[in-house]
Amino acid sequence: MPSKGPLQSVQVFGCKKTATAMAHCKRSSGLTKVNRRPLEMIEPHTLQYKLLEPVLLLGKEQFAGMDIRVRMKGGGHVAQIYAIHQSISKALVAYYQKYVDEASKEEIKDILIQYDQPLLVADPRHCESKKFRGPGAHARYQKSYQRLGSPL
């Protein structure tokens, strides 16, 4: 079987809170799948447009010649959607930077950042961890002074 040359692929990640999406982008027929399911099958359906934002902003012709396969792990439904949508955008920018040209990469990056910055830049906010001597991050267990001795 003759080889077609080196495989052109990039691997990037997107994250939101505890959700992490790893996107693997390579030259192929133009499929975009998340955990082996097409984008249209991802739940919740109310956030479907959030997943399709990069495609709708840049046009299907930008995604026509490449496969994007996303592996999703952790987080809740909404955080997963935001992580997937970030990883798809970052994968496209990284692919264009590595294998196409710098001018088209800058053009794509400018369009995405002008629309919505979290498409390319991760949100650093996380839930603060629980501390000892309390039920949460800042709250402390209630203190009680109990009487010692005989009642009067």
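How many residues lie between the strands in the hairpin of S1 and S2, and which residue there takes a positive phi? Two residues lie between them, and Lys17 takes the positive phi, near 55 degrees. The points below start with the basis of the model and then go through the structure.

1. **Basis.** This is a predicted model: local features need pLDDT of at least 70, side-chain atom pairs count only at pLDDT 80 or more, and totals for chains, interfaces and linings use all residues. Residues are numbered from 1 along each chain as its sequence is written, and side-chain values use heavy atoms, with hydrogens and water left out. Helices (H or I, at least four residues) and strands (E, at least two) are DSSP runs, numbered from the N terminus.

2. **The sheet.** Five strands form an open sheet with mixed pairing. Their order is S1-S2-S5-S3-S4. S1 and S4 (37-38) stand at the edges with a single partner strand each, so one side of each is left without a neighbour in the sheet. Two strands pair if DSSP finds at least two bridges between them.

3. **Strand pairings.** S1 (residues 9-16) and S2 pair in the antiparallel sense over eight bridges. Here Val10 has Cys25 of S2 as its bridge partner. S2 and S5 (residues 66-73) are also antiparallel, over eight bridges. Thr20 is bridged to Lys73 in S5. S3 and S5 pair in the parallel sense, over three bridges. There, the bridge partner of Lys33 is Arg69 in S5.

4. **Backbone exceptions.** Most residues other than glycine have a negative phi, and most peptide bonds are trans. Lys17 is not a glycine, yet its phi is positive, about 55 degrees. Lys17 lies in the loop between S1 and S2. At 53% relative accessibility, Lys17 counts as exposed. The cut-offs for relative accessible area are under 20% for buried and over 50% for exposed, with partly exposed in between (1.4 Å probe, protein chains only). Arg133 also has a positive phi, near 60 degrees, and is a residue other than glycine. Arg133 sits in the segment after H4 and is exposed, at 62% relative accessible area. A cis peptide bond joins Glu43 and Pro44, with omega about -10 degrees. Pro44 belongs to the loop between S4 and H1.

5. **Leu31.** This residue is found in the loop between S2 (19-27) and S3 (32-34). Leu31 is partly exposed, with a relative accessible area of 38%. Leaving aside residues up to four places away in sequence, Leu31 touches Met66, Asp67, Ile68 and Arg69. Contact means heavy atoms within 4.5 Å. Leu31 and Gly65 are 34 residues apart in sequence, and 8.7 Å apart in space from C-alpha to C-alpha.

6. **Helix H1.** H1 is mostly covered, with eight of its eleven residues buried. Among them are Leu51, Leu52, Val55 and Leu58. The cover includes H2, H3 and H4. Just after H1, Gly59 takes a positive phi of about 90 degrees.

7. **Helix H4.** H4 (residues 102-115) has 14 residues. From its first C-alpha to its last it reaches 20 Å, close to the 20 Å expected at 1.5 Å a residue. The expected span is 1.5 Å times one less than the number of residues. Ser104, Lys105, Ile108 and Leu112 are buried in H4. They cover an arc of only 105 degrees around the axis, which puts them on the same side of H4. That arc is taken from the directions from the helix axis to the C-beta atoms. The buried residues of H4 pack against H1 (48-58), H2 (60-63) and H3. The face turned away from the buried side carries the exposed residues Ala103, Glu107 and Gln114.

8. **Aromatic rings.** The structure holds one aromatic pair. Tyr95 and Tyr99 form this pair, which is tilted: 5.2 Å centre to centre, with 50 degrees between the planes. Rings of Phe, Tyr and Trp (its six-membered ring) pair if their centres lie within 6.5 Å; planes under 30 degrees apart count as stacked, over 60 as edge-to-face and the rest as tilted. Tyr95 and Tyr99 are four residues apart in H3 (residues 77-99), so about one helical turn separates them. Tyr95 is buried, at 0% relative accessibility, whereas Tyr99 is partly exposed, at 27%.
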